[in-house]
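Student: I've got a model open and want a quick walk through it. Can we start with a sheet?

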Amino acid sequence: MAIRQTEAIVLKTMTYGETSKILTVLSKDHGKISLLAKGARDTKSKYGGSLEPFTHINVVYYEKEGRELQYLSEASVLNGFLGIPCSLERLYPAMAVLEVCSRVVHGNEEHPKLFELVRQTLEGLSKTSKRPMNGLLYFMAQLASLLGYRLEAERCSHCLHLMEQSNFKFNVEYGRVVCGACPPALQSTTLTLTKETVAILAQLNKSNGAGVFNLAISENSGREVFRVLLKHLQYHLDELTSLNTLPFLNAS
Ligand SMILES: [Zn+2]
């Protein structure tokens, strides 16, 4: 049995037995891990409030290879992201981030960049006083890039012209934006997009996260951007069909 230490973000928790809890965490160094926290629901638990969803923690656990559930030994809070549960407008996009993560990460492969993207998105959501949905849109665009499905929105993917017209289509199958002048055969599985939507998609791709909540997005474009990113991710990742958090997002 090996003792491991890593940073982690709590994705979900469930009760176990009389006083214990099972946590699913996204760790920085060992992918997704299930941890049994003995006595975590006891009022005198050494874990205090450190084992709640969203919390960024440092964990020490015992790992036995081939076992699904590992034993948590220590946990300390690095950031509770306490601003998230204070408002439903921030809570729902944050829940969607955790659900998407929980579904797309399998096994113990390390994903330091994904971990950092989740941490940064939750930190932004916890602090922002405006446009919390921007955090989710940023997360989705960056997730697509990290997984190798970057959504190109700068040029028409067929004729390579810069996007200067007012009519655009998103080709779900190709994961590309095509201009209105391009052949309809390419546009068999398409969504029609506005110029604003295309510009926002390009900005979300380029963004490093700073200032993403300052990006003014009209309600209509916000919905379109969300729909395109979701379709795009769902096309590549079967795990993302029928997300439980979708009905809460008021974005479809
Ligand atoms: Zn074109």
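Tutor: Start with an open sheet of 3 strands, in the order E7-E6-E8, with antiparallel pairing. Strand E7 (176–179) and strand E8 (190–193) stand at the edges with a single partner strand each, so one side of each has no neighbour in the sheet. Ignoring direction, neighbouring strands of this sheet are turned by 30° against each other on average.

Student: Before we go on, what kind of model is this, and how are residues numbered?

Tutor: It is a predicted model: local features need pLDDT of at least 70, side-chain atom pairs count only at pLDDT 80 or more, and totals for chains, interfaces and linings use all residues. Residues are numbered from 1 along each chain as its sequence is written.

Student: And what do the labels and pairings rest on?

Tutor: Helices (H or I, at least four residues) and strands (E, at least two) are DSSP runs, numbered from the N terminus. Two strands pair if DSSP finds at least two bridges between them.

Student: How many bridges hold E6 and E7?

Tutor: Strand E6 (residues 168–171) and E7 pair over 4 bridges, in the antiparallel sense. Lys169 has Val178 in E7 as its bridge partner.

Student: Which helix lies across E6 and E8?

Tutor: H5 does, running at about 155° to E8. Axes are lines fitted to C-alpha atoms, for helices over the stretch in contact, and angles run from 0 to 180 degrees between N-to-C directions.

Student: Okay, other strands. How do E2 and E3 run?

Tutor: Strand E2 (residues 20–27) and strand E3 (residues 32–37) run antiparallel, joined by 6 bridges. Leu23 is paired with Leu35 in E3. The two strands form a hairpin with 4 residues between them, and Gly31 in the turn has a positive phi of about 65°.

Student: What about E3 and E5, parallel or antiparallel?

Tutor: Parallel: E3 pairs with strand E5 (residues 69–79) over 3 bridges. Leu36 has Tyr71 in E5 as its bridge partner.

Student: What span should H3 have?

Tutor: At 1.5 Å a residue, the 14 residues of helix H3 (residues 133–146) should span 20 Å, and the end C-alpha atoms are 20 Å apart, which agrees. The expected span is 1.5 Å times one less than the number of residues. Gly148 follows H3 and has a positive phi, near 90°.

Student: How do H1 and H3 sit together?

Tutor: Their axes are 8 Å apart and they pack at an angle of about 20°. That makes H1 roughly parallel to H3. Angles under 35 degrees count as roughly parallel, over 145 as roughly antiparallel, 65 to 115 as roughly perpendicular and the rest as oblique.

Student: Which residues meet there?

Tutor: Pro93, Ala96, Val97 and Val100 in H1 meet Met133, Gly135, Leu136, Phe139 and Leu143 in H3. Contact requires C-beta atoms, placed from the backbone, to lie within 7 Å.

Student: And H1 with H2, parallel or antiparallel?

Tutor: Roughly antiparallel. H1 and H2 pack at about 170°, with axes 10 Å apart. From H1, Arg90, Pro93, Ala94, Val97 and Cys101 meet Val118, Thr121, Leu122 and Leu125 in H2.

Student: Which residues other than glycine have a positive phi?

Tutor: Arg131 is one, with phi near 45°. Ser242 is another, with phi near 40°. Most residues other than glycine have a negative phi.

Student: Where are they, and are they buried or exposed?

Tutor: Arg131 lies in the loop between H2 and H3. Arg131 is partly exposed, with 17 other C-beta atoms within 10 Å. Ser242 is in the segment after H5. Ser242 counts as exposed, with 6 C-beta neighbours inside 10 Å.

Student: Last one: what does Glu63 touch?

Tutor: Leaving aside neighbours within four places in sequence, Glu63 is in contact with Met1, Ala2, Arg4 and Gln70. Glu63 is found in strand E4 (residues 56–63). Glu63 is partly exposed, with 15 other C-beta atoms within 10 Å.

Key
Two residues are in contact if their C-beta atoms, placed from the backbone, lie within 7 Å. A residue is buried if 20 or more other C-beta atoms lie within 10 Å of its own, exposed if 12 or fewer, and partly exposed in between; C-beta atoms are placed from the backbone.
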